[in-house]
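Subject: Structure for your review

Dear colleague,

Please find the structure below.

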Amino acid sequence: MANRQVMASSPQDRATQIARAGGMDAALTEGVLPKFVDLTVAEGIVLGLLRQGVNRYVTVLGHGSTELGEVLRIYQGAGLVHVFPVRHETAAAHSATALRWARGEKAAVVTSIGPGALQAFAGSLVAASDGIGVWHLYGDETTEDEGPNMQQIPRAQQGLFLQLTSTMGPSYSLHTPGALPVALRRGLNRVDASDRAGPFYLLMPLNTQPALMPNFNLEELPEGVPPAPGPAAGDYGTAARELLAAHRVVIKVGGGARGCGTELQELAELIDAVFVMSPISVGVVPSSSSRCMTVGGSKGSISGNYAMSEADALLVVGARAVCQSDSSRTGYPNVRHVVNINTDMDAALHYQRTTGLVGDALLTLELLIAAVREELARNTTGTTATASATESDAAGAESQWLADCRQKRQEWEAFKQERFDNPTLFDEAWQEEVLTQPAAIHLVMQAAHEAGAVVFFDAGDVQANGFQLADDDVEGRTITDGGASYMGFATSAVLATALGSEPWQAVAMTGDGSFTMNPAVLIDAAEHGANGVIVIFDNRRMGAISSLQSAQYGEIFATNDSVAVDYVAWANSVTGVRGIHGGTTPDTLQAAMTQALQYPGLAVVHVPVYFGDDPLGGLGAFGRWNVGNWVAETQALRHEIGL
């Protein structure tokens, strides 16, 4: 112990030394930063996250996080971190999630104790549902229990907020300062996991944040990347034989299949399969592929739902069976066998009659392709042939399965085009002809993609129409929260353009209801220099629920209002934000988008859109869902199918 050299230094000194050295590891290696230091828990958190490459903080500081805020002030002054104060904790959570999702850059969300932490915790549902790694740092009640801390959960019981956050994902309370390295390691393992990443909740009691840790060893702060899972150790031979023996194979592509587009297409050719996409996997397989049937589920497409309903074998790759994704477990009524590739055991074995392959999607697909090729080679020299081989043994021949699915894809394209060709309808609320959502969303998506902007879809009617219309040939152009369906996500996501290390542009597609969930983002975006467009599709209601009520009960109740809002004036009331009328025709909307995308900052485009019974006003639904008065029928079908 005598060889320890503890240099008396302040947070300012350490921040300066790290900045001069070009990073924390360099400062330690070069000896300009001592290995053993006296520092507070709050500074240890900042140093620990800095070592992990986290240097962006989206904050709503309060009395539960002022000590951490002071450390951030010092480290920002040295140029080591960037702090972005915002006005709402849920928006903080959404923007940090969007930054990691769209750009791969890490960020930490910082809140106070109590209500603020609860709001950020609610927003973290997006990251938890969609597998996005984000740090969440919350103030928490003191550990000495001198009496109820204002804004803690009002019960005489320890660790209640830890219990709460632990229901969503891994959490840690810094009750004991010396546990900091372990807490940071567990957070690293969650936030940077290559499979099923998500939010990590680090709770910071008010009295431990300023607690001094004498002679703290900076080498204890964890670094590196958690090891990725390898290929599945499973029965590839059975999986290959089941897929080849089937006549109609569908591949359900989930978010866990990102980066596997080439392998998926190779396998689909070998087993004569077609693809059905999830909302968050659009673009993993090019939409222009002859085998892509677009999205399927309760808000799927004609072609996607046809492929699901007619398939006799299912290959799932990196997808969860979210209720809307597989029509509440009724989406595959004719499937006799499932091959499921997933890193999560429960997801991999969700269906009956499953060959589960639990492992990395890309590595597992490579081995499955090899097994299929081996099986095909064996069959060509033997007396038996696979169903896929017998149906397309002529060179270049198209199987009946693929031909039928492609016909349905053509029907879907014609269905969409009819709505694009009839872009306006008379609306009772607006008392004039206005754009329909399919036509308006299509025009905005085209403009956004031509400008190179990332499109974010908010929850609700806009989201459902949006992912049905998405025709992406590459990953990452369209992002929708398909797991939590959190209203206000897209609006908040535009703020992420101000958080990143490189400039980029985003377009948020949102409804009037979703926008009003987080309108404070207008101020945050102006303050921090966000670059993007928020497009408000205004039908004066919760359109998705009004439509559901109408379909189920023939009546609409408590999902609309009579209050007209001037969203353009609202936007223009915020200095630095540009409000623009989108108009009521394709020409006026295109002109508005051109103007908005060229604006150097945040623009808001208001678009009145149609709501009503005319089928040209929407994209409809082609699947089932276990909600409302459909429950009995849907559940009965599920148990009849028995998959």
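Strands (E, at least two residues) and helices (H or I, at least four) are DSSP runs, numbered from the N terminus. The model is predicted: local features need pLDDT of at least 70 and side-chain atom pairs count only at pLDDT 80 or more, while totals for chains, interfaces and linings use all residues. Residues are numbered from 1 along each chain as its sequence is written, and side-chain values use heavy atoms, without hydrogens and water.

Cavity. On a 1 Å grid over the protein atoms alone, a cavity is a set of points where a 1.4 Å probe fits but cannot get out; a pocket is an open set with protein on both sides within 12 Å along at least five of seven lines, and lining residues have an atom within 4 Å of a point. The whole structure holds one cavity of 30 Å³ or more. The largest cavity has a volume of about 50 Å³, and strand S11 (residues 292-295) supplies the largest share of its lining, three residues. Residues lining this cavity include Met 277, Phe 467 and Asp 472.

Pocket. Of its 21 lining residues, Glu 141, Thr 142, Gln 157, Gln 158 and Gly 159 lie nearest the centre. Helix H8 (residues 160-166) gives the most to this lining, with three residues.

Surface. Val 358 lies in strand S14 (residues 354-358).

With kind regards

Technical notes:
Grid points are joined across faces, edges and corners, and a volume is the space filled by probe spheres set on the points.
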